[in-house]
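The following note sets out some points on the structure shown below.

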Amino acid sequence: MGKVTKVAPRTGLDPKSIKEGIKEHLRFTIAKDKHSVNEWDLYRSLVLTVLDRLHDRWLDTQERYYDDDEKRVYYISMEFLIGRMLDNSLINLGIQDEVREALEELDLDYDKLREIESDAALGNGGLGRLAACFLDSMATLGIPGYGYGIRYDYGIFFQKIIEGFQVERPDMWLRFGNPWDVVRPKTMYPVQFYGESVPYHDKQGNLRFRWEKFQKVMAVAYDMPVPGFKNDVVNNLRLWKAASPKSLDLSSFNQGEYINAVRDMQLHENISRVLYPNDKVFVGQELRLKQEYFLVSSTMQDIIHRFRKSHSDFNKFPDKVAIQCNDTHPNLAIPELMRILMDEEGLDWETSWDITTRTIAYTNHTILPEALERWPVSLMRNMLPRHLQIIYEINKRFLDEVHERFGDDLNRVRRMSIISEGEQPSVQMANLGIVGSHKVNGVAALHSSLITKTIFRDFYEMMPEKFTNKTNGITPRRWLRQCNRPLAELITDKIGEGWTTDLSQLKKIDKLATNKTFVKKFSDIKRENKLKLAEYIESKLDVIVNPDSIFDIQIKRIHEYKRQLLLAMHTIALYNRIKADPDAPFTPRTVIFGGKAAPGYTMAKLFIKFINSIGDKINNDPDVGDKLKCVFLPNYSVSLAEKMIPAADLSEQISTAGMEASGTGNMKFALNGALTIGTLDGANVEIREEVGDENIFIFGLKVEEIDEIRQRGYNPWEFYNANAELKQVVDQIRSGFFSPEQPDLFQPIGNTLLEGGDYYMIMADFEAYVQAQKDVEALYNKPSEWYKQAIHNVARIGKFSSDRTISDYASEIWGIKGFKHS
């Protein structure tokens, strides 16, 4: 096929071409006129116009990758929390102002149209957002990168708050379809489940295995473009949707078995129906494992299909393919690649193992042993019989090496085995990931160090060269240029636009922290962002907050180790101080929470009710007025974070030390001029190193101190009895002060703090936290000092760009050299 002639209305970046593109799509693609058009039609016409420009660069990019025969990176993740696409696409194409102008000429409001877009519900939280940042950075750095995930019909649930409780509703993000993706109905692969693994001998007499009597589901590809920043590179995010391998069985239909025929179709399609079923029930476990293998199998087939277009020798596979498993969920890629190489390509074990381990790398995201993924052997034997055989063989050969290296240390062998022992043996996916990959990385310096001393210590002692650190990062395009344009423009006005692709250039504004003109502009932008968030809070919750108060924000998944409870208890303490002396001097504060609790996590859901009950008490107390407010913003998402983060004064990063792998919210807040109050956990350690001790509020027990206290014997009652303010707060929780209609409602919270042993050390850290909060208030009452420190945070946060993280992955894990900064 010849080269396509590029037409300006389809590819031009000027306002006139964009305007004509919108008009053409409205008429010729959507078939609407002025009498029938609605806002969705206008939004979709705009998206299609943007996609014309993206698709043009997308095809050119993919063609260049083939022509240059470049090594490609495949990032496999169960989650991609990409947020809204419109702003990001326009910024990376460099046409946000041109689109705004084109729409104005059509009497359309860009800000109204952009609000029509739904967040893509493809992830839960940090894991998925990190994956999205990484794709943005790969494209911006010109790395041939591909994301692979699942196109969930219903992703993370839509959170409603009813009478203070979280209520889950389906997130109907695909109600009107997704205008940003392109379905590839001919890019479809069969994925097999169940059946049996049957041995046979090939023509050369070698023992082989054939998968028979399996059930089959089809994986259909949906592609979304991922543009780099102003470099004409557009990479690909490919999402798989499950489909039945056959249409309705008409004979069943004719025999009156229509319901059964439809049911069979739906069972196949359920695999991509919803993100992460609750795996506390066996059926849920089965569906989750199906999802993981569905993603891995379709992706591996696609990778090999692409490889075969240019190569036939699988010995070259690791030189042309790098696969990164984002957490343990895609680690089935290891036995799947082994199965394909041996059973379908006819390679021997040793060759297949060499190719597999040189190709695959694994990122660990947790230090909590209970959070490491394990699959019952009985479940895997039934669903993936051949894979279990391969895993047992991998384990046998690996344990032979352990015996050879360490002798008959049976405890070590037991700890390092991929298959756990006991009445219900399980496949330990993290162990599989370590054994079957060439690199294992943690996501912050502290986290990477801790895993080699705790959960993976035995593996580290045997093969230290496999372990490395890759501290997480965030994309500055979305998390400053897009979400806080006034601050981005202030910075660009002073130092140019280079920071957008080299965040270390922000150091140039460090010296402006005492420049009165710059500080005034910086503080005006912060106040304007706070006013916008205050308007949003009023519109959603009918609560009026004081824009001159400290905006004290904690937004993240609701979990005991993240310690939303500690901030809630400090809020109660502040309330008690006001009630004790309403006329005493008080630094106004607005405490803002956001986040979702897993549907089956009872305690986390109770925390949400608790926070809302605190808000009901405080926000309606005339003694308090505008001195203190407590609000919980429902349905936390990427687009809501983009409203909250630029408005924050104080960033709450207060997890129990040693439990947060990294965190990236801490980076986003600092980049937007918030000061951090936090423990020495996750990336907080490195943020402190970068911004300086004096520009961050660090408090609380360190990892080694917590270990020491646990070994000595921790008694939370000692802290309860020694601190009158803490005692009052805990008594109020236990007595029903915040739930008079049901006095025992929050009793479980009180019990975890005292009788339950306070595993997350809230009682032990409370006094230090309260003191750190007093230091926050003292500094906030000196605005010039506060903003000086805020500007230092922005200027010194450059290390935490995902561009730096991806550069490190590329050169040190993926073996990709010479990629270009744009």
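1. Trp211 has a relative accessible area of 10% and is therefore buried (buried means under 20%, exposed over 50%, partly exposed in between, with a 1.4 Å probe and protein chains only). Phe214, at 32% relative accessibility, counts as partly exposed.

2. The model is a predicted one, in which local features need pLDDT of at least 70 and side-chain atom pairs count only at pLDDT 80 or more, whereas totals for chains, interfaces and linings use all residues. Residues are numbered from 1 along each chain as its sequence is written, and side-chain values use heavy atoms, with hydrogens and water left out.

3. Aromatic pairs number 31, where rings of Phe, Tyr and Trp (its six-membered ring) pair if their centres lie within 6.5 Å, and planes under 30 degrees apart count as stacked, over 60 as edge-to-face and the rest as tilted. The rings of Trp40 and Phe176 form a tilted pair, because their centres are 5.4 Å apart and their planes stand at 45°. This pair links distant parts of the chain, 136 residues apart: Trp40 belongs to helix H3 (residues 39-68), and Phe176 to the loop between S4 and strand S5 (182-193). Helices (H or I, at least four residues) and strands (E, at least two) are DSSP runs, numbered from the N terminus. Trp40 is partly exposed at 21% relative accessibility, while Phe176 is exposed at 56%.

4. Ring pairs also join Tyr74, Tyr146, Tyr148, Tyr189 and Trp240 into a cluster.

5. Two charged side chains deserve mention. Arg72 lies over the face of Tyr66, 4.3 Å from the ring centre, and the charged end of Lys290 sits over the ring of Phe193, 5.6 Å from its centre. The criterion is NZ of Lys or CZ of Arg within 6 Å of the ring centre and within 35 degrees of the ring normal.

6. Most residues other than glycine have a negative phi. Glu163, however, has a positive phi of about 50°; Glu163 lies in the loop between strand S3 (158-162) and strand S4 (165-169) and is exposed at 69% relative accessibility. Asp542 likewise has a positive phi, near 60°, and is located in the loop between helix H22 (516-541) and strand S16 (550-555).

7. Helix H23 (residues 564-580) has 17 residues. Because 14 of the 17 residues of H23 are buried, the helix is largely enclosed by the rest of the structure.

Technical notes. Expected span 1.5 Å × (residues − 1).
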